Number of protein chains: 2
Amino acid sequence: MIPERHLFGPGPCNPYAEATEALARPLLGHLDPAFLQIMDEACDGLRTVWGTDNARTLPLSATGSAGMEAAFVNTVHPGDVVVVAVNGLFGQRMCDVAARCGAEVVPVEHEWGAPVDVDRVVAAHPSPSIIAAVHAETSTGVRSDIAALGAAKGDALLLVDAVTSLGGIPVAADEWGIDIGYAGTQKCLGVAPGLAPFTINDRAFGRRVERPQSWYLDLGLLGGYVGEAEQRGGKRTYHHTAPVAMVASLRAGLHRILEEGLEAVWARHEAAGRALQDGLQDLGLELFAQEGSRLPELTTVKVPEGVDSATVRARLLADYDIEIGGGAGAYAASVWRIGLMGPNANPSSVALLLAALGETLGRR
Amino acid sequence: MIPERHLFGPGPCNPYAEATEALARPLLGHLDPAFLQIMDEACDGLRTVWGTDNARTLPLSATGSAGMEAAFVNTVHPGDVVVVAVNGLFGQRMCDVAARCGAEVVPVEHEWGAPVDVDRVVAAHPSPSIIAAVHAETSTGVRSDIAALGAAKGDALLLVDAVTSLGGIPVAADEWGIDIGYAGTQKCLGVAPGLAPFTINDRAFGRRVERPQSWYLDLGLLGGYVGEAEQRGGKRTYHHTAPVAMVASLRAGLHRILEEGLEAVWARHEAAGRALQDGLQDLGLELFAQEGSRLPELTTVKVPEGVDSATVRARLLADYDIEIGGGAGAYAASVWRIGLMGPNANPSSVALLLAALGETLGRR
């Protein structure tokens, strides 16, 4: 018997019902006119949530981590200087991925739990090709100021990880000066994991690697795969078989979000996150992320002295079918990560989580 | 309104009902013990259909084309000689992908429609690092003799594309000497596209690239992601968020296949394909793939003189909700590709396709 869980960890969350229903619809061929329309609608919806007019906005056929790889693999020429703001696990991963693309990586280390220090990042190198940062650090629950980074980027391309922000808190790629962005479907977009919503503007595309080391993630080839080439008078061409069920699900999830209204969805995430954070503090728990930079959709909380993290998580799973996450990296046992994303960003999830955690800790 | 299609093209096919149902189940977290069990069962099922004991057998989190990329990116050291048997589009693609990994590619060209000439391939270079070939060429409908290639490979690693063969016709990775193999889910496995079933043996893994240019497809990191590390006394470690819905669907599809019995499934594909090919010839049509090397699951047929390929395909779609494929590459307008894969490999699909095509062509 497969259990039914409340997915209150750092992702995946429970998907929107519309996204799940779309997965179960009869399958279409990847070149069927009806599917091409679904793909185009998914790309349109992504443009809205990204806050961009970029023609090259599409769901890559792999998970969010492949979005990170696509971002670097298409834009890093051997020897390029890439400044990476590292304030958590995913900033660290960026360094690894960029280095594999031949970058000269300049990491700018931050304490975990703190937001990106824009001044330090910009001062790290006089003329980087790329400045990279994570908007919402999934490992720490911290939000950084991407607009400030965009205003200060100079001639560099700004590459942003929006995995845990897209669809949950405001993202304004064009206004903020994001040149390359990637995300995942399984966080605030409320869709199962499996696709990487991706966007790249003309400025970054013009500086791209002509024949990147990855064929699968080659944006020069992928433009023909979605409608982007058609918009420019070109032709839609076969590249690889689109994951049609996942794309249909993404389109349905985006439709659901836009029907509610993006600002209403953001407000819902904000309200749920703040209520959760207040409630956790009322239980006597201490939050981990720096005050003023706390993500509403993903809350990090310190495991109290004398409490075994894994035992609590196992009891929540066994007694309440509630999943929360452990910490990342050095904080694996000392931090919990609690996500209220997508359809889970609501008062009932807050009440359930606080009740279950309070009872498990013997604090109510 | 989204139409319901008979997917008789080169893939995706209509999925097995069990695979679709699994997509719609409540989602599990990617580290949930219940999901890890599903992942392990999917890997076990893949070992059975691959005919292998390889511990490193897993569904990669991207489509079949990423399986090709993973195969080369993990095994090609800069300057390595890679002999590629090219008898269709996917052999051509292998050359591109291998070159991006720094290989010295030695392509062995064949006429499209013909199987791989093992003697010519083996004679192409005295000491290649890798010999690569496509078992079932999706572009031509041709089956090649991988067992013969394995027997003649010498010290080279044998890298095989089984995208359109796995789950439809016999594949015996260990017996045939396949060192590295990849496939897709959307062909004979009868699951939606989105994953790349992958297998690599100890011999190939021992010669792998320690830090491949792709982080996402790095098999050294992915061993910890599935149960393989645990089997060796190691620990399951987070790499990326598994596409949990797709993995659950693959496990359900594999369970469905193994419940029927792999030999029975192969026999069903064989019977449907032969009946289709006989029927097409009875309609006065000429088959494209060389006799003796025709795949049962994917039939290629020449478009008759004076018939417009696209018009016929559009009418089949509009009048019967039947999708068949055009040809690939230079044969785009002169060949049709008709697939009877997964649940579509049955007498009713044969009858429907022959009736609809016969009527559309005015031949019955």
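Predicted model: local features only at pLDDT ≥ 70, side-chain atom pairs only at ≥ 80, totals over all residues.
1. Overall form of chain A. The chain contains 14 helices and 14 strands, and its C-alpha atoms fill a box of roughly 65 × 55 × 35 Å when the box is taken along the principal axes.

2. Burial and contact range in chain A. Of the 364 residues, 61% count as buried. When contacts between residues at least 6 apart in sequence are considered, 71% of them join residues that are at least 24 apart.

3. The surroundings of A:V86. This residue belongs to strand β3 of chain A, which covers residues 81-86. Because 23 other C-beta atoms lie within 10 Å, A:V86 is buried. Once the neighbours within four places in sequence are left aside, the contacts of A:V86 are with A:G91, A:Q92, A:C95, A:P107, A:V108, A:E109 and A:H110. As for A:V106, the C-alpha atoms of A:V86 and A:V106 are 9.9 Å apart in space, with a separation of 20 residues in sequence.

4. Helices α11 and α12 of chain A. Packed helices are described by the angle between their axes and by the distance between those axes. Helix α11 (residues 244-260) of chain A and helix α12 (residues 262-282) of chain A have axes that come within 5 Å and cross at roughly 90°, which means that α11(A) is roughly perpendicular to α12(A). On the α11(A) side the contact is made by A:I257, A:L258 and A:E260, and on the α12(A) side by A:L262, A:A264 and A:V265. By class, the residues of this contact divide into five nonpolar, no polar and one charged.

5. The helix pair α11 and α12 of chain B. In chain B, α11(B) and α12(B) pack at an angle of about 90° with their axes 5 Å apart, and the two helices are therefore roughly perpendicular to each other. The residues that meet are B:I257, B:L258 and B:E260 in α11(B) and B:L262, B:A264 and B:V265 in α12(B). Five nonpolar residues, no polar residues and one charged residue make up this contact of α11(B) with α12(B).

6. The contact between the chains. Chain B gives 49 residues to the contact and chain A gives 49 residues. On the side of chain B that touches chain A, at least two residues each come from α1 (17-23), α3 (64-73), α4 (89-100) and α11 (244-260) of chain B. The most is given by α3(B), with four residues. Sorted by class, this side of chain B has 23 nonpolar, 17 polar and nine charged residues.

7. A three-stranded sheet in chain B. Three strands of chain B form an open sheet in the order β11-β14-β13, and the pairing is antiparallel. The strands at the edges are β11 (298-302) and β13 (325-326) of chain B, each with a single partner strand, so one side of each is left without a neighbour in the sheet. Between β11(B) and strand β14 (residues 335-339) of chain B the antiparallel pairing runs over five bridges, and within it B:L298 stands opposite B:G339 of β14(B). Helix α12 (residues 262-282) of chain B packs on this sheet, where it touches β11 and β14 of chain B and has a direction that makes about 10° with that of β11(B).

8. Strand β10 of chain B. This strand (residues 196-200) has five of its five residues buried, so it is largely enclosed by the rest of the structure.

9. Partners of strand β10 of chain B. Strand β2 (residues 56-60) of chain B pairs with β10(B) in the antiparallel sense over five bridges, with B:T57 standing opposite B:T199. Strand β9 (residues 180-182) of chain B also pairs with β10(B) in the antiparallel sense, over three bridges, and here the bridge partner of B:G181 in β10(B) is B:T199.

Methods: Residues numbered from 1 in each chain as written. Chains lettered and ligands numbered in written order. Buried ≥ 20, exposed ≤ 12 C-beta atoms within 10 Å, placed from the backbone. Contact = placed C-beta atoms within 7 Å. Axes fitted to C-alpha atoms, helices over the stretch in contact; angles between N-to-C directions. Parallel < 35°, antiparallel > 145°, perpendicular 65-115°, else oblique. Nonpolar A, V, L, I, M, F, W, Y, C, P; charged D, E, K, R; others polar. Pairing = 2+ DSSP bridges.
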